[in-house]
Amino acid sequence: SEGKDGASAAENTPPRVPEGKLGERSSVFYSAGQFFFEYLVVVSLKKMPDGHYEPKITYQFPKRENLLKGQKEEEERLLQAIPLFCFPDGNNWAPVTEFTSETFSFVLTNVDGSRKIGYCRRLLPSGRGVRLPEVFCIISCLGCFGLFSKILDEVEKRRQISMAVIYPFMQGLRESPFPAPGKTVTIKSFIPESGTELIELTRPVDAHLEHVEFQALLQRLSPHLILHIFASAMLERRLIFLAEELSVLSQCIHAVAALLYPFTWAHTYIPVVPECLLDTVCCPTPFMVGIQMRHLERVLEQPMEEALIVDLCEGKIIRAVGDEEEILPGKLQNEMLISLNRHNNNNNVHTSEQVNTLVSEAFVHFFVRLVGHYTSHIKWGRSGSGSFQERAFCKAIASKSCRRLVKKFVKTNMFSLFIEEAEKSRIPQEGNG
C-alpha cells in the first residue's frame, strides 16, 4: 500500500475519499457466483442557494439495513465519495435540451484495501424542455467493464420509459450469480408494452482482460508513445493523462494499467480526478491519474515534481522526464513496436476481445523475456517458504541493457508485491515464468 490517501491533499472534501489503487494481484480475478453488484445509486444535480449545482445521491437500491456500526461508517464514507466521482467536472452545469450519454468508471479503495468499482452512465432523462443530466452508478467489487456497459444500456433504455421499470431488472440481476469466464447468464425482464425480454450477459474468457479496451489506447496514441508510457509506468513514475471525455480517460487509463500484467499498479490511481482534488498532481509519490483537458492550465501551474503528461486528444506528450526513449532495451522495444504496429494494421482483427488478447500477449511476452527466470532464483526453505535471491537473479541476465532496467524494476512496489506472492506459493522449478 502507498501509505498516502490520494484525496487527502484537498480541503473541503469528504473524509477518506479513496484514491483507487488496483489492489493485490490476486484481486484481478473474481470467482463466479458472487453478486453482480452491491447497489445502484442515482446521482442528480441539486440547485444550491447560491445558484450552483451540487451532485447528490437521490436514490439507492437496495437500501442497506442491519449494518454494524463499523460497516455503516464505511458505507457512509463510500456514499459521500460517489457523487464527487459521478460529476468530477465541477459545478458548471445548466439545464439543457440535448446531451450525449457517456459511460465511464472509477475505482475506490476501502480502508481495508479492498476495492469497489463504480460503473457510470451519465444521461439526460426523457422529457421536454430543459433538464439536467443524471448519473446511474452501479457499485460492484467485480471488474468487467464490457459487461456492465451492457447492463447500463438496459438501465438507460428503461429510464426513458420510467424509473419504476429499472428496479425489477436490477433485482433480477442481483438475484443472478456472476458467470464464470466465458459463460453466459440470462436475465428475464418485463417491460410494459414490450412484454418479457431475455437479456444475455456473457463474461469474457480472459478474466484479466475484462476491464480493458486496448483499442481505445491504440486509436489515440502511436505504438511508440504507448511504449514510452508503459516504460514510465513500469518504473512507477507520475503519469497524467488529459482528455475532455470521461469515457476516454477511464478507458485509456485502465488500458495502461493493464499493460503491466501480471504486475499490478499499487499506487494512487484515479481514472478521472474530480475538480476539487486537482492538487493530487502535487503528490511526491507515484500516481496514474486522468484530468479533463479544461483543467490543463491549472495542472501546469501546480508545483509538481517530474511527471509524464499525455494529451489523449492530440496523441502527444506535453511534458516528459526526457529519458523515456532509453528506458526499454532496444531489441525488446523494437520487437514490441513491430507487434503493436501489426495489431494496428491487421485488417483480420475485428473484435476488441481479439485486440485485447494480442496486445496483452505482446506485453506478457516482454516480461517473460525480461524477468521470467525469477522462479529459478527463489530459494525454498524446509518450512516451505521461499526467499528471493535478487543479486543472483540480476546477475543471470546476459544483456547489459536488460540488466540495467531489471535492477531498477526490482526496486518497484509492483515487483516486490509480485515476488512476495511468489515466495508464499511454491512454484515448480520447471516453471517458465
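Buried means under 20% relative accessible area, exposed over 50%, and partly exposed in between (1.4 Å probe, protein chains only). This is a predicted model; local features need pLDDT of at least 70, side-chain atom pairs count only at pLDDT 80 or more, and totals for chains, interfaces and linings use all residues. Residues are numbered from 1 along each chain as its sequence is written, and side-chain values use heavy atoms, leaving out hydrogens and water.

**View A. Lys411 pairs with Glu390 in a salt bridge.** The N to O distance is 2.9 Å. A salt bridge puts a side-chain nitrogen of Lys or Arg within 4 Å of a carboxyl oxygen of Asp or Glu. Glu390 sits in helix H11 (residues 390-395), Lys411 in the loop between helix H12 (400-409) and helix H13 (413-424). Helices (H or I, at least four residues) and strands (E, at least two) are DSSP runs, numbered from the N terminus. Lys411 is exposed, at 60%; Glu390 is partly exposed, at 30%.

**View B. Arg121 and Glu156 form a salt bridge.** Their N to O distance is 2.7 Å. Arg121 belongs to strand E4 (residues 115-123) and Glu156 to helix H2 (residues 145-159), so the pair ties together parts 35 residues apart in sequence. Arg121 is buried at 5% relative accessibility. Glu156 is also buried, at 18%.

**View C. Ile82 and Met170 have the most contacts inside the largest nonpolar core.** This core has 136 residues. Such a core joins buried Ala, Val, Leu, Ile, Met, Phe, Trp, Tyr and Cys residues through side-chain atoms within 4.5 Å. Helix H6 (residues 246-258) gives the largest share, 9 residues.
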